[in-house]
Amino acid sequence: MKTLDRNGRHPVRFTLNGMPEEGFAEPRMLLTDFLRHEIGATGTHVACEHGVCGACTVRVGGKAVRACLMLAVQADGAEIETIEGLSEADGSFGPLQQAFHENFALQCGYCTPGFLMSLSEYLERNPDPTVEEIKVALSGNICRCTGYREIINASLDAARALRERRQQD
Amino acid sequence: MKPAPFDYVRADSVEEAVSVLAEHGDEARVLAGGQSLMPMLNMRLVRPEVLVDIGGLPELAHIEDEGDTVAVGAAVTQGDLADWPELGTALPVVAAALPHVGHFQTRNRGTVCGSICHADPSSELPLCLALLGGEVELHSAHGVRTVPADEFQRGVLTTAKEPDELAVRARLPKAQDGERFAFLEFQHRHGDFAVVAVAAKRSGDSVSLAVGGVADRPEVCRWDTLPGDAVEDALNDLAWTLGGGDDIHATARHRRQLVRHLGKRAIDATAADGAGA
Amino acid sequence: MPLHGARPVGYLRARLSPPAKSLMPDFAIPEQVRPEDSHVGRRQPRIEDRSLLRGEGGFVDDVPVKKGTLHAAFVRSPHAHAEIVAIDASAALAMPGVFAVVTGTDMAAETDPMIVGFENPIDYYGLAVDKVRYVGEPVVAVAATDRYRAEDAADLIKVTYNVLPATVDPVAACAPDAPILHPRSDSNCVSKRHFVHGDPDTAFAEAERTTDLTIRYPRNSITPMETYAVVAEASSETGGFDVLSNFQGPFSVHTVMALALRIRTAALRHRSPKNSGGSFGSKLVIFPYIVVLCVLARKARRPVKWIEDRLEHLSASSVAPNRVTKVEAAYRSDGTVTGLRLTHWDDHGAYLRAPMPAPIYRMHGVSTNGYFIRHLEVTNHIVMTNKCPTGAVRGFGGPQLYFAVERMMQRVAVLTGQDPLAVIRRNLIAADQFPYKAIAGSLLDSGDYRRTVDEAVEQGDLAALKKRRDAARAEGRLYGIGYAACVEPSQSNMGYISTVKTGLERERAGPKDGAVASVTVSVDALGSVNVIGDSVPQGQGHQTALAQIVADRLGLTPDDVVVALDTDTAKDGWSIAAGNYSCRFAPASASAAHQAATRVREKMARIAAANLNVPVAEVEFTDGKIHAANNPDNAIPFYRIGGLAHWSPSSLPDDVEPGIRETAMWNAPELTPTTAKDEINTSLAYGFGFDFCGVEVDPATGVVTVDQYVSAHDCGTILNPGLAEGQIRGSWASAYGATFLEEFRYEDDGTFRSGTFAEYLVPTAAELPEIRLVHPTPHPSPYTRLGAKGIAEGNQYTTPVCVANAVADALGVEDIELPLKPARVLAWMEADEPPPSAAVAPDGEAGEPGRPTIDGSGEMQVPAPPQQVWAMLLDPERMARIVPGCERLEAAGDNSFTGAVVLGAGPVRGRFEARIDLTDLEAPRRARLVGAADGPLGSSRGSGEFELVAQDGGTLVRYRYAVELSGKVAAVGGRMVRGAARQLIDRFLRSLIREAGGNAEPEAAGGLSGRLKRLVGGRA
């Protein structure tokens, strides 16, 4: 049993996009705040803090989750992936980013990290989704700029690109 | 929107978790997946002194086929259960309901037991527990007790679980040969809490219908026999009996209409000929 | 097939959707490049994506702040209307890490009220002074070392209120007996203006027919994903403030802030970062928070940062005014509309904040939409109610106006027995009438509205849709078709808001008109091109479009152009119209960019001409080279000419200044002031949109499904089809939300209900139907440099009323109110509900529609005689044991108690300070209780009556109660408060029985199980 006192700042260590990170958090600090303000990984965005909008979606242990509904201390020891890890090793766009770019699937870009991280898990589980499946999969992410159709098309394009890549590997 | 301060305890065993609950009672809250608790913490609707995190307990992360029942441990997420290969045959109504529980991202963390203990009157999993007549196993420093579904959820966000008790697993009776199930819900958007949700079970002549989103908890109505021509009248009386009020999502009248409409479709879908599906 | 074996089926709307397609159709708007351009008109991928898609955006909260920067939180009103009796912040200020607290009293002492465009009785300071006037209103601002501690401190600040009656309906609020919000006025109608254009009286008197319709347009917003964000710091250098925020403009409001802060405008240095997470208008009225944050930072002597949270945003940031409009039409039996009367009650909530009440005036010039109607009467009531104050929302007055006008066109069609499309077509302005001066003053620049309609009908295949309708109706299904047309104004005339004033007042104030846009293009010493501008993008892709425009002028590619659109009022070129609103970019910013780039080109051409030995007129810019028009080999690289201007001023032609930096301050002469007859050309460029749709209504559930939706927009030159299509589709999504889901709900007592994204529902990918875009023949604006008009607002105008018209067609009803919640639609169908059988009595506790209260009644047997029960109820010690969660209770005078109770449901609990008064005492038979409870979770007022009847040696307690709950729990937990209240009453009564010595085992869910068993038992 490990007890973390409310008044203390406790060490939190995890890997972020494959790199070790370390910081300190009070027990009540949300993972979103820890990522953004303790580590400085501001690619993950905060928009509702009650788990509805999906903007803060990150992958923890491979699973897409709401970072606003997790405490930083719960992430201790985890493997976390965020939008900052989606590019190729040379810095060029990965398949998801490229598909969003080509389809005009973002405008203000504030919700985009959540969509990308949701899709990043979803397309691993369902590599060849139908439009209806994509719509349901994306129903936990709110975008207020686009009409979603661009995002749906980008998702289908990304799925195709990821399938092709898998075949090549 | 940030939580008020609390101490955080990462329990390494059920025993430890229970001991913390024994010490702090009502001032402690159990954190498993956090998909219900965390929004309430962020809004400061809930201000515990201590959070006991049981999400990482391996001993609670099991789905066990116990023969006639399936025991779902308190750390099993909704996503884990949805991925369980036996789910469709063992618990078909749960399999049908799970895709409506939030979104895949919340199901990735939200636990089955957490949803049951949160006791939202519109939630799908408490509805399934009620329909199936499952039970919840509660552990405390005094021992272990098992509470049947009908006695577990008592009202809005309220259960029979005492403050020093930990819900360790929920038991859901498996579908038996000849039993047929259906699940339907009405939502404004995919993944929202149901305005009205219904789950139906037919076993021989008897028909059960669980209704969520109307009364203060899911309510189950069981008819020993329910001939096809009696369904509509029975559902109408059920709709009026359940009451239900106006809120920003629907009116009482709309809810009654949905009980009649969804109830009919669900009950018809369990008929042997599958009519209405 | 059993449902559970199928794929997820629960979402009922899916039932009516067309079958899933594997892939959706391709882009709808073609690339069209004008001969003089090579990049404008192309689907240029967005430059903005490069950082945003890598998580490298620069939003306010991403920008590093100084060490020691504090964080703000607000104490907000749980009441719709109340006097502030006292504020006690001592406990908060004593908390470690808390630096400063600012109240309304401080604001009133240190700032001036924020001005609005006309004389009014409202003193608005950003924090409530003396009174609160809506739920969520900021009352106290507190600064602490982090947001968590700031919220801890806010929780410790105790505000005592005296609750007042509230008013929420804009028509009722104008009644003489309505509670008055602002005591300097004797009416909540703070402005009433009456406009007569043409001769409406005669038009109506001589009309073949007249009709009228009253519409109620709801309150909504588009709730951007990024909320308000401000960092403010006092500057001892200027005596003013340095502010970083996501304020979107118009920068006329910068003046309002500086005046309020009593500083020189130049001493208010405002910067906006490179990215903003959407706005849709909402980030205009962030400015009162900026003023408050400045005062807080000065008091704290440190920079203070505030990131608004979602609860704050939904309850208290900005909404579009809801509106009641009585629309009257004079028309002929052939459907020609000859006159229009519009009486508006525009509901602006609790305060007016500049530039409110602008939306209604922005649309004034186009009150007759795209129709040839020459007689118009308009009456505008600007009304204050106990709701969140208003601000800009995409569409800015248009959705409200066009809902009235286009519903009326549909009514005229019904009343004359014609096809609504024929009525629309008949009344549209003819192509040869452009430019057309509308009767209220708008100068409609270009278009061929009937052609646009015809192209939409043809390409959108209305004929097929009609067949679908006929087939559906033949099967007895409820199917309707709706139409809507709209004029889409863009680039607002900064003078239109003066129309709220009388001619005399305007004369005194001096003329206001125009809309200046600023873009600066510079070429540096190595020929790199840099563009800055005042468009304050909120995600629309301005960087990309400006790069296209400038690249084309200079013979470069967009990749050669660096566009920086973060703003800094201390360094940028800007004027009062700067900002992002009312579709300003395509007409104004694009024109300014074109003009600035053209000046750069002219200057570089002159330098190059001397080097190339050709006349200036023969210099051309192509592919990074500047060359002689007829001899491309006689060329010099673009960068060389840029370099020359910097490295060698002496080699420049005599009259050419060194360096290359051109700022265009672009304005259009067509934007003239309001005339003495109240005519106003409200905008510069006017596009045209036309939509039609088919909907089906499910009689079983009330669900309205959009079967097909076709939308056509002529917005002149398209700068970038990818961006333009994004604007149309985005507008469709938010308009769909306004039509079906989104509404800020207030109860009659002002209780706010839409506090979270689980209450205020916005569409997701799963709900939003496909929209079929038709690209009609464009009619470029003659008044903008590229012929471009705005395109971002069209569907805000058309979609709500197009769908409403279709529902009216499907159901044959006249009064259509949005949003189209299934419960509401079901009620319109007026199907008789089957009554319960005699065996089943309706639940007495079921709520009555429209009542804000949680009420109930019941009876219970207590095992003690009435006298004893009576004594218990009046004994504070025993009551303290009976009342669930009671921490203390003491007598506070005769039959009054005060105390502290912990109330809630399950884990949701809060400590409340409570007061209970017993009145109308008739010992030992009956009494009335009046109670109030206040705490961080909200505020509750309630009353109850009980009656004690001797029965079977004990007492039968009969009770009734009505509880009103406001504040946080009411805003976020509306689904459950009724059940929670029932639970509390139940616990109280059982506790009463136990206290009386009885045995009261709690029965789950208020005895419903018993009733259910009886229900089945009676049947089995």
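Modeller: Gladly! A helix here is a DSSP run of H or I with at least four residues, and a strand is a run of E with at least two, both numbered from the N terminus. Please keep in mind that this is a predicted model.

Let's take chain C. By that definition, chain C holds 25 helices and 36 strands. Its radius of gyration is 32 Å, close to the 31 Å that the globule rule gives for 1020 residues, so chain C is as compact as a globular protein of that length. Along the principal axes, the C-alpha atoms of chain C fill a box of roughly 120 × 75 × 65 Å. Of the 1020 residues in chain C, 60% are buried.

Now for the domains. The domain assignment divides chain C into domain 1 (60-164 + 227-276 + 282-316), domain 2 (189-220 + 319-498 + 672-828), domain 3 (516-666) and domain 4 (854-1017). Let me pick out one pair: the C-alpha centres of domain 1 and domain 3 of chain C are 40 Å apart. Where these two touch, domain 1 of chain C contributes 14 residues and domain 3 of chain C contributes 17 residues. On the domain 1 side, helix 6 (252-261) and strand 11 (268-272) of chain C each supply at least two residues. Strand 11 of chain C gives the most to that side, with four residues. By residue class, the domain 1 side that touches domain 3 of chain C has four nonpolar, seven polar and three charged residues.

Finally, the partner. Chain C meets chain A through 50 residues of chain C and 47 residues of chain A. On the chain A side, the elements giving two or more residues are helix 2 (95-102), helix 3 (112-125), helix 4 (131-137) and helix 5 (149-168) of chain A. Helix 5 of chain A gives the most to this side, with six residues. The residues of chain A that touch chain C divide into 23 nonpolar, 15 polar and nine charged.

If you turn the view, you can follow both stories on chain C: the contact of domain 1 with domain 3 of chain C, and the contact with chain A.

Key:
Residues numbered from 1 in each chain as written. Chains lettered and ligands numbered in written order. Predicted model: local features only at pLDDT ≥ 70, side-chain atom pairs only at ≥ 80, totals over all residues. Contact = placed C-beta atoms within 7 Å. Nonpolar A, V, L, I, M, F, W, Y, C, P; charged D, E, K, R; others polar. Domains from an automatic or database assignment. Rg over C-alpha atoms; globule rule 2.2 N^0.38 Å. Buried ≥ 20, exposed ≤ 12 C-beta atoms within 10 Å, placed from the backbone.
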